[in-house]
Amino acid sequence: MTDNTETVSARRKRQADTVPFLTLGFRPFFLFAGLWAAFGLPLSILLMEGIVPLSGPIDVLAWHRHEMLFGFAAATVTGFILTAVPNWTGRLPVSGMPLLCLALLWAAGRIAVSTVGLLGAAAAAIDIAFLLTVVILVLREIVAGKNWRNLPVAAALALLVAANALQHAEIAGIVPSDAVAGGMGTRLAIATLAMLIALIGGRIVPSFTRNWLAKNTAGPMPAEFSAFDKAALILTGFALILWVVLPQTDVTGIAASLAALVNLVRVARWRGMATGPEPLVWVLHLGYLWLAAGLALIALGALTQTLTMTSVVHGLTVGAIGTMTLAVMSRATLGHTGRPLTAGPALTVAYLLVSAAAVARILSALSDQAGSLLLYGAAACWSLAFLIFVIVCGPMLLGRR
């Protein structure tokens, strides 16, 4: 018993002596995610215009899809999970040199994908190695802490690994791509991230709302997790699976319509309208509303064929994933660095800009005359939103608590 206590004490001391930037996973990965979101999208525009060359068989749109999903979104998910796992398991977080190596592996993946013409198959191996390592780390912590409740999170990470491998196989021509919303690899990644929003968002949105309401206002609290929430998760998962496998069929459209409806009802039960004075709380509800909207747009695309899947999918990517990741990153940064849990004017503007980007990107497909203007406007709103996050939260991520 003494040896174990000394070992834990030594580990805690090493953690206390660690450079602040490497004490918890949210610090490097939220900063990298913010920077890549802010500058990766303008870079994709430069690639599209031919101003910056792209090496290898990967085309510009495939690069854009891959880097927004497995560069930006994967970094956000990793930062969140590595920070949450110690709370789930009671074990010490990944920090110091192991965290630095993991962050460098993420950066190596970005370089590898951008130079795939030079590295060939090695580029895919380097890129896939990052998420695979994260899966192994999370599984190790869940098993060691006997925290079986969060095994679905590890399963979702494993699906992201599979989606990444499938997308690389499609880019290399090993697996044929159906070209709907970027191919099955892209759809699997988007569906997995959307399901994580339904799963984890279904925990944190009512929880954080309840905490805020208890301190600031009287009245009823958000609805407790119930059989309705379980049914909503099952229906959402079923609809997303159908969309991955059969993206443009009536059965997918019907399932997505029902999933959109139950998620709309679900978020309505969490009393988001009462959180108007605090953007840090209502933005979580806005992110979840975008999940319902994204499912509705997928249903519209499948049932009516009036919108291309490439267009409607941005309700999930820019709207739901973009809004929820920005909300979670800013809240976690404030909370874990000892700041008051309130969003100032700058972060509030950033939240609104992401939704503006989603609306503009969706509308860009509906207008021939204003399409290009809306497309570039969406890119500007997105990049500015995450640049604001980096400017406001970057010093917090780099400094001490």
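At what angle do helix α2 and α3 pack, and how far apart are their axes? Here are some notes on that and a few other spots.

1. Ground rules first. This is a predicted model, where local features need pLDDT of at least 70, side-chain atom pairs count only at pLDDT 80 or more, and totals for chains, interfaces and linings use all residues. Residues are numbered from 1 along each chain as its sequence is written, and side-chain values use heavy atoms, with hydrogens and water left out.

2. Helix α2 (residues 26–48) packs with α3 at an angle of about 170°, their axes 8 Å apart. (Helices are DSSP runs of H or I, at least four residues, numbered from the N terminus; axes are lines fitted to C-alpha atoms over the stretch in contact, and angles run from 0 to 180 degrees between N-to-C directions.) So α2 is roughly antiparallel to α3, a term for angles over 145 degrees. Their contact has 18 nonpolar, eight polar and one charged residues. (Ala, Val, Leu, Ile, Met, Phe, Trp, Tyr, Cys and Pro count as nonpolar, Asp, Glu, Lys and Arg as charged, and the others, Gly among them, as polar.)

3. Helix α3 (residues 60–89) also meets helix α13 (residues 314–336): the axes come within 11 Å and cross at roughly 40°. Contact here (heavy atoms within 4.5 Å) includes Phe72 and Phe80 in α3, and Ile321 and Met329 in α13. By class, this contact has six nonpolar, four polar and no charged residues.

4. Next, look at helix α9 (residues 227–245) and helix α10 (residues 250–268), which pack at about 150° with axes 8 Å apart. That makes α9 roughly antiparallel to α10. The residues of their contact divide into 15 nonpolar, three polar and two charged.

5. Finally, helix α15 (residues 371–398) bends by about 40° at valine 392, and proline 395 follows within four residues. (The bend is the angle between axes fitted to the seven residues ending there and the seven starting there.)

Terms used. Helices (H or I, at least four residues) and strands (E, at least two) are DSSP runs, numbered from the N terminus. Angles under 35 degrees count as roughly parallel, over 145 as roughly antiparallel, 65 to 115 as roughly perpendicular and the rest as oblique.
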